[in-house]
Amino acid sequence: MAVTNEQVTGHAFLKALYRDDYYPDPVVDRGRDILLRLCGRVEAERPADLDALYVLTQAATEEFNGLQDAFWEAGSEIETVAREEIAEDFWFIARAYGFTDADMEELIATRDW
């Protein structure tokens, strides 16, 4: 599903990771794709409340959990800078879809990074 939210389509996801050679672009691309799929799901499913949004964001967080091996294999990892950048983009997504009172930690509660 194509994302139609103008805030989202104009946003550069994981910008800090792309600027740093420590993070391999092909793996960062996979992370960006996870975030865009999350946006597509939010637009398609239109969560009615924060609990419904958290189900979607935590599923996307699980996908990021699975990316850790790809980062390690490329000589990188999801460390402090990456954790903060990823979390900020989850929070951006919540706000872009009207969930301004979302808790950043709850959005990514299933993380193991």
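When I say that two residues meet or are in contact, I mean that they have heavy atoms within 4.5 Å. Helices here are DSSP runs of H or I with at least four residues, numbered from the N terminus. With that in hand: Leu 35, Leu 38 and Cys 39 of helix 3 meet Asp 89, Phe 90 and Ile 93 of helix 5.

Hello everyone, and thanks for coming. A word on what we are looking at. This is a predicted model, where local features need pLDDT of at least 70, side-chain atom pairs count only at pLDDT 80 or more, and totals for chains, interfaces and linings use all residues. Residues are numbered from 1 along each chain as its sequence is written, and side-chain values use heavy atoms, with hydrogens and water left out.

Let's stay with helices 3 and 5. Two packed helices are described by the angle between their axes and the distance between the axes. The axes are lines fitted to C-alpha atoms, for helices over the stretch in contact, and the angles run from 0 to 180 degrees between N-to-C directions. For helix 3 and helix 5, which spans residues 80-96, the axes come within 11 Å and cross at roughly 20°. Helix 3 and helix 5 are therefore roughly parallel, a label for angles under 35 degrees, while over 145 is roughly antiparallel, 65 to 115 roughly perpendicular, and the rest oblique.

Now for the next pair. How do helix 3 and helix 4 pack? Helix 3 covers residues 25-45, helix 4 covers residues 50-73, and they pack at about 165° with axes 10 Å apart. So helix 3 runs roughly antiparallel to helix 4. The crossing of this pair is right-handed. On the helix 3 side the contact includes Val 27, Ile 34, Leu 35 and Leu 38, and on the helix 4 side the residues include Leu 53, Leu 56, Phe 64 and Leu 67. By class, this contact has 14 nonpolar, two polar and five charged residues. For the classes, Ala, Val, Leu, Ile, Met, Phe, Trp, Tyr, Cys and Pro count as nonpolar, Asp, Glu, Lys and Arg as charged, and the others, Gly among them, as polar.

That leaves helices 4 and 5. Their packing angle is about 155°, with axes 12 Å apart. Helix 4 is therefore roughly antiparallel to helix 5. Helix 4 passes helix 5 in a right-handed crossing. Here Leu 53, Thr 57, Ala 60, Thr 61 and Phe 64 of helix 4 meet Ile 86, Phe 90 and Ala 94 of helix 5. Those residues divide into six nonpolar, two polar and no charged.

What about the interior? The largest nonpolar core has 36 residues, and those with the most contacts inside it are Val 8, Phe 13, Phe 64, Phe 90, Ile 93, Tyr 97 and Leu 107. A nonpolar core is a set of buried Ala, Val, Leu, Ile, Met, Phe, Trp, Tyr and Cys residues joined through side-chain atoms within 4.5 Å. Buried means under 20% relative accessible area, exposed over 50%, and partly exposed in between, with a 1.4 Å probe and protein chains only. Helix 3, helix 4 and helix 5 are the elements giving two or more residues to this core.

Which residues touch Phe 13? Leaving aside neighbours within four places in sequence, the contacts of Phe 13 include Val 8, Leu 35, Leu 36, Cys 39, Asp 89 and Ile 93. Leu 36 sits in helix 3 and is partly exposed, at 30% relative accessible area. The C-alpha atoms of Leu 36 and Val 3 are 7.4 Å apart, though 33 residues separate them along the chain.

Last, two loop residues to look at on your screens. Leu 14, in the loop between helix 1 and helix 2, has a phi near 55°, a positive value in a residue other than glycine. Arg 46, in the loop between helix 3 and helix 4, likewise has a positive phi, near 45°. Are these two buried or exposed? Leu 14 is buried, with a relative accessible area of 1%, whereas Arg 46 counts as exposed, at 65%.

Thanks, and I'm happy to take questions.

Note on methods:
Left-handed = near helix turned anticlockwise from the far one by under 90°.
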